[in-house]
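Please look through the sequence and the model below before reading on.

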Amino acid sequence: MKQIKVLGSGCRNCEITANAIAKAAEQAGVEIDLVKVTDIAEIMSYGVMSTPGVVIDGTVVHSGGVPGPERIRAWMQASD
Amino acid sequence: MLDPFDWLGDRVAYDLLGLAGDSASGAAVQFFVMDVAKIFALLVVVIYVMGLLRALVSPERVREFVRGRPDWQARGLAVGLGAVTPFCSCSSVPLFIGFVEAGIPLGVTFSFLIASPMINEVAAVLLIGLLGWELALLYIGAGLLVAWVGGIVMQRFRPERWVEAYVWRIQMGEAAVPRPDTSLLGRHRFAVAEVREILRRIWKWVVIGIGVGALIHGYVPADWIVEHLGDGQWLAVPAAVLVGIPLYSNATGVIPVAEAMLGKGVALGTVLAFMMSIAALSIPEMLILRKVIRWPALALFAAVLAVSFILVGWGFNLIT
């Protein structure tokens with residue numbers, strides 16, 4: 001199971017990102033463990049300054065905005 | 001030259017709605033339609049082109065550029081990069097912490113925080129399109145100057161003592177931010193996403209700004225403006241700044257208001273000071289920054305900016 005973290009201190013774009021990921025996972029039939037990280041110290045420990053950021057299994061795959069739908073679908077398809 | 005946006009405004013206000021060309025409502029509607037069409041067309045084009053060029057520099061990159069340089073170089077970069085990065089005020093906290101963690105002096109960070117909301121390439125293109133070259137250059141030049149000097153003045157007060165203790169303890173991971181897709185298709189996708197994202201964020205401010213501009217254009221009598229806000233009205237500048245500081249709008253949203261004010265004969269320096277104070281600082285922005293610095297630093301920051309904007313306003317009113 002993929003562990004996906006959405007980094008962001010609760011701004012609207014972070015909500016949008018988290019929802020889009022949850023929806024894409026459901027559509028792709030992929031089980032994920034989605035966590036919203038709002039603690040600023042933890043966000044920064046990933047080296048991310050511009051939120052929202054997305055971390056999959058410990059690797060930063062995206063930062064600085066809502067990711068596009070194609071990007072999100074590609075993350076779901078990438079092999080575990 | 002036939003201006004298609006002007007033409008569109010005429011058609012909607014005078015033909016479609018049947019308003020009289022010399023009435024207040026006619027003038028206001030004409031201004032509103034013309035500016036909505038013109039500004040949104042410009043915004044889509046500029047943001048798309050900037051996105052294609054990938055000129056939108058991320059804060060992570062800025063931090064890498066600025067860290068470890070001598071003070072004047074760091075400040076120059078912070079001001080310059082601040083001017084080309086349209087960052088969302090919701091990232092000011094991570095940005096502030098990231099800069100502190102990289103050992104970038106606080107004064108330089110403040111320079112960046114002043115320049116960034118006030119100047120960006122989108123606002124620059126709109127300024128050129130709506131108000132002309134000279135005014136765009138004056139606004140940008142004055143903005144860069146305020147950011148440069150404002151940061152130095154902040155540094156003088158040793159603002160480190162007002163930084164929240166937890167900020168110093170945060171350890172930042174090495175940025176492992178993924179490389180962007182630089183193929184033509186990748187650039188196109190990125191540009192389209194940028195247009196959507198930025199428009200979604202700023203459209204309200206732009207429409208409100210155009211609405212206020214249209215009301216001024218249609219309903220506020222020019223005689224009244226010239227008498228109270230025209231040349232030689234010294235107190236108009238501090239008044240404009242004090243009104244503008246708590247108000248929030250995006251730099252882009254202020255431009256139609258400035259357009260209408262200038263059209264009615266408000267003195268140039270007064271308009272510039274007003275634009276800057278609205279774009280640079282606001283109550284929501286202060287509340288966000290409060291998470292990293294305490295009230296004395298915020299009050300000082302607001303005061304330094306207010307004084308700078310007043311001086312800029314007076315300066316321009318003197319020379320024009």
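Helices and strands here are DSSP runs, a helix being a run of H or I with at least four residues and a strand a run of E with at least two, and both are numbered from the N terminus. This is a predicted model, in which local features need pLDDT of at least 70 and side-chain atom pairs count only at pLDDT 80 or more, while totals for chains, interfaces and linings use all residues. Residues are numbered from 1 along each chain as its sequence is written, and chains are lettered from A and ligands numbered from 1 in the order in which they are written.

A residue is called buried if 20 or more other C-beta atoms lie within 10 Å of its own, exposed if 12 or fewer do, and partly exposed in between, with the C-beta atoms placed from the backbone. B:His217 is buried, because 25 other C-beta atoms lie within 10 Å. Two residues are in contact if their C-beta atoms, again placed from the backbone, lie within 7 Å; leaving out residues up to four places away in sequence, B:His217 touches B:Ala27, B:Ala28, B:Phe31, B:Ala260 and B:Gly263. From B:Glu60, by comparison, B:His217 is 157 residues away in sequence and 42 Å away in space, C-alpha to C-alpha.

B:Gln30 counts as buried because it has 24 C-beta neighbours inside 10 Å. Apart from neighbours within four places in sequence, B:Gln30 is in contact with B:Gly9, B:Asp10 and B:Ala13, and its C-alpha atom is separated by 7.2 Å from that of B:Val12, 18 residues apart from it along the chain.

B:Arg158, in the loop between α8 (133–156) and α9 (165–169) of chain B, has a phi near 45°, a positive value in a residue other than glycine. B:Arg158 counts as exposed, because it has 11 C-beta neighbours inside 10 Å. A:Asp57, in the loop between β3 (53–56) and β4 of chain A, has a positive phi of about 45° although it is not a glycine. With 13 C-beta neighbours inside 10 Å, A:Asp57 counts as partly exposed.

Next comes the core. A nonpolar core is a set of buried Ala, Val, Leu, Ile, Met, Phe, Trp, Tyr and Cys residues joined through C-beta atoms within 7 Å. Which residues touch the most other members of the largest nonpolar core? Of its 106 residues, they are B:Ile114, B:Ala115, B:Leu272, B:Ala273, B:Met275 and B:Met276. Helix α2 (residues 24–53) of chain B gives the most to this core, with 12 residues.

The packing of helices can be followed in chain B as well. Axes are lines fitted to C-alpha atoms, for helices over the stretch in contact, and angles run from 0 to 180 degrees between N-to-C directions. α2(B) and helix α7 (residues 121–131) of chain B pack at an angle of about 140°, with their axes 10 Å apart. α2(B) is therefore oblique to α7(B), since angles under 35 degrees count as roughly parallel, over 145 as roughly antiparallel, 65 to 115 as roughly perpendicular and the rest as oblique. Helix α14 (residues 268–280) of chain B and α16(B), in turn, pack at an angle of about 160° with their axes 7 Å apart, so that α14(B) and α16(B) are roughly antiparallel to each other.

Finally, where the chains meet, 20 residues of chain A are in contact with 23 residues of chain B. On the side of chain A that touches chain B, the elements giving two or more residues are α2 (40–45) and β4 (59–63) of chain A, and α2(A) provides the largest share, five residues. Counting Ala, Val, Leu, Ile, Met, Phe, Trp, Tyr, Cys and Pro as nonpolar, Asp, Glu, Lys and Arg as charged, and the others, Gly among them, as polar, the residues of this side divide into 10 nonpolar, 10 polar and no charged.
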